[in-house]
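Me: I have just opened a structure that is new to me. Could you take me through it?

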Amino acid sequence: MSIATTAMAQSFPSKPVSLVVPYPAGGVSDVIARIVSPPLSKKLGEAVIVENIGGASGGIAAQKVLNAPADGYLVMQGSPNELILGPLANSAIKFKSEDFRLVQMIGSVQIAFLVRSDMPVKDVDSFLAFAKKSAQEGKPLSYASVGPGSFYHLLGEQLSKETKIPMTHVPYKGAGPALQDLIGGQIDFFLAPYGKSHDELAKQGRIKILAMLNSKRLESVKDYPAVTESKGLKGFVYSIWTGYFVKKDTPEPIMQTLNKALADVLEDPAVKSGLDANSLMIAKPLSLNELNKVYGDGTAQFRAIAKSINLQPQ
């Protein structure tokens, strides 16, 4: 490390830090960032500004982080969806997952099985019967994702493959716009990152929540069945973790500063309460070495999922 780089690392941060969210405002990712940013600002002693940049399944936001200096002032709130699956699915995305380092985990997001409110179904099994009948009549059900090759696109493809029921993919720039079209009835269903807003919409009769893609019914979402309670999709269990990333060649002292600050944030009672209120399964703070392994294992796992449905770059 050069003298100039060492000095920069020792004084970090000396100006505001941008927390880049790879989706428009209104989705679960945005909610998480706005819970984390105030206490992170206190820990770092500088403002932490949430910056929403949607498009290309998170690829546009990720590329902005990579185009900036490796100085820790642009931190991406991301997941395997953007950084591992994105480059596999979109030929326009030129970065690799290895171009980033995971600074800290934040937690795992549950996946909700959401359908439009007027669909004549009450659970996963009646949904499958309705989807099969619709496909046979030449009107396959449509499902939303946050972009081609995204985790939510893969879930829809996997659902179609496992059930042998044709379904139509409709990509969006983020979960917020997708949810609006689900409410409006423009799409039929969305295997979505769950947030408390979904619960409110379901109670208002604006959408239906058929199940959570969990292995068992969890206390935080006890009103909704686990997908394992169905007959037709017992093994369809998925979740996705979220964390904070920087460019891989960010100096180690800066990595350590961010790692420690985020670990402290995860212990903040207000943060725990806020994340729990949004049904995020909060992660245990990890060291940088532990995080390197988590990210490496995640890369292998999600590449295997993409291979299993023969995902082709578009």
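This is a predicted model: local features need pLDDT of at least 70, side-chain atom pairs count only at pLDDT 80 or more; totals for chains, interfaces and linings use all residues.

Me: What is the volume of the largest pocket?

Reply: The volume of the largest pocket is about 160 Å³. Its lining has 16 residues, and those closest to the centre are Gly26, Gly27, Val28, Leu179 and Ser197.

Me: And which elements supply at least two residues of that lining?

Reply: There are four to name: helix 2 (28–44), helix 7 (175–183), strand 7 (189–193) and helix 8 (196–203). Helix 7 gives the largest share, with four residues.

Me: How do the lining residues divide into nonpolar, polar and charged?

Reply: Seven are nonpolar, eight are polar and one is charged.

Me: Changing topic: which residues touch the most other members in the largest nonpolar core?

Reply: They are Phe113, Phe127 and Phe189, in a core of 109 residues. Strand 4 (residues 100–116) contributes the most to this core, namely eleven residues.

Me: What does phenylalanine 127 touch, leaving out residues up to four places away in sequence?

Reply: On that basis, Phe127 is in contact with Phe113, Val115, Met119, Val121, Leu141, Leu159, Met167, Phe189 and Leu210.

Me: One more residue, then. Where is threonine 163?

Reply: Threonine 163 belongs to helix 6, which covers residues 151–163.

Me: What does its side chain reach?

Reply: The side chain of threonine 163 reaches the backbone oxygen of leucine 159, at 2.7 Å. Setting aside residues up to four places away in sequence, threonine 163 touches Leu128 and Leu233.

Definitions and conventions. Residues are numbered from 1 along each chain as its sequence is written. Side-chain values use heavy atoms; hydrogens and water are left out. On a 1 Å grid over the protein atoms alone, a cavity is a set of points where a 1.4 Å probe fits but cannot get out, and a pocket is an open set with protein on both sides within 12 Å along at least five of seven lines; lining residues have an atom within 4 Å of a point. Grid points are joined across faces, edges and corners, and a volume is the space filled by probe spheres set on the points. Ala, Val, Leu, Ile, Met, Phe, Trp, Tyr, Cys and Pro count as nonpolar, Asp, Glu, Lys and Arg as charged, and the others, Gly among them, as polar. A nonpolar core is a set of buried Ala, Val, Leu, Ile, Met, Phe, Trp, Tyr and Cys residues joined through side-chain atoms within 4.5 Å. Buried means under 20% relative accessible area, exposed over 50%, partly exposed in between (1.4 Å probe, protein chains only). Contact means heavy atoms within 4.5 Å. A polar contact is a pair of N or O atoms within 3.5 Å; within protein, one must be able to donate a hydrogen and the other to accept it, and residues adjacent in sequence count only if both atoms are side-chain atoms.
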